[in-house]
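Let us begin with a question once it is on screen.

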Amino acid sequence: MKTIEFPVKDPKKPPKIEFANRCVNCGKPKETTLGLSLDMGVQKRDTPVMMTLTVPMCNRCDEKERRVAMVTLVPFLIAGLIIGIIAFVPATLIAPEGTTPQTLAFPFVFGGFAGLIAGIIGGTVVEVIVKMFAASFFGKLVIQRPLTVLGLFSSTDELIGGSAKYMKDKKIARLVFENDEIAREFNTLNGLERV
Ligand SMILES: [Zn+2]
């Protein structure tokens with residue numbers, strides 16, 4: 001595994017990052033691509049500036065990546081939504097009703113908050129359970145993938161074969177490659193120092 005730090009001089013003009021024409025995970029010829037967007041933390045004409053990475057993949061690894069999402073992100077979202085709605089209704093009903101126009105909406109705010117918290121917790125529990133079952137089919141790929149809830153609070157994009165993250169304070173895009181050879185090739189292509 002290799003970590004590469006890519007300096008970003010001007011976050012408003014994110015550098016174009018090049019990838020070799022082969023799968024970042026297994027090194028087979030590129031058959032498809034997956035897009036990642038890193039938030040640069042700045043705005044240009046009221047829209048957030050994103051650095052887009054077009055990551056080459058082979059069909060097999062792309063398929064694997066989708067299957068990992070099916071047992072991590074998808075259960076989290078679906079279970080989180082259902083549990084969130086279930087929590088929203090009673091929380092709204094038990095919340096004290098406001099007496100002034102300013103507090104009239106309080107039950108809904110309270111219910112929405114309770115639903116959000118319950119949804120995140122419930123979604124995570126379901127994701128952990130699904131992951132445990134899925135691990136016997138997918139192995140370490142699924143185990144290594146951080147829980148979706150952690151992804152909500154960090155800016156790291158995880159992908160089969162590596163991850164990408166932009167560190168605002170240091171102005172560095174950090175890319176992690178699981179395949180060392182691909183990492184070396186990436187360095188050469190982008191004119192970075194040898195690792
Ligand atoms: Zn591949």
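How many bridges join S4 to strand S5? Three bridges do so, and S4 and S5 (residues 162–167) run antiparallel.

## About the model

This is a predicted model, in which local features need pLDDT of at least 70, side-chain atom pairs count only at pLDDT 80 or more, and totals for chains, interfaces and linings use all residues. Residues are numbered from 1 along each chain as its sequence is written.

## The sheet

Strands here are DSSP runs of E with at least two residues, helices are runs of H or I with at least four, and both are numbered from the N terminus. Strands count as paired if DSSP finds at least two bridges between them. The open sheet has four strands in the order S1-S6-S5-S4, paired antiparallel. Its edges are strand S1 (2–7) and strand S4 (157–159), each pairing on one side only. On average, neighbouring strands of this sheet are turned by 15° against each other, direction ignored.

## Helix H2

Helix H2 (residues 73–94) has 22 residues, which at 1.5 Å a residue should span 32 Å; its end C-alpha atoms are 31 Å apart, which agrees. The expected span is 1.5 Å times one less than the number of residues.

Among its residues, Pro75, Phe76, Gly80, Gly84, Ala87 and Phe88 are buried. Buried means 20 or more other C-beta atoms within 10 Å of a residue's own, exposed 12 or fewer, and partly exposed in between, with C-beta atoms placed from the backbone. The cover over these H2 residues includes helix H1 (59–71), helix H3 (106–138) and helix H5 (148–153).

## Around Cys26

Cys26 sits in the loop between S1 and strand S2 (32–44). It counts as partly exposed because it has 16 C-beta neighbours inside 10 Å. Leaving aside residues up to four places away in sequence, Cys26 touches Cys58 and Cys61.

## Overall layout

The protein has six helices and six strands. Of its 195 residues, 24% count as buried. Along its principal axes, the C-alpha trace spans about 65 × 45 × 25 Å.

Notes
Axes fitted to C-alpha atoms, helices over the stretch in contact; angles between N-to-C directions. Contact = placed C-beta atoms within 7 Å.
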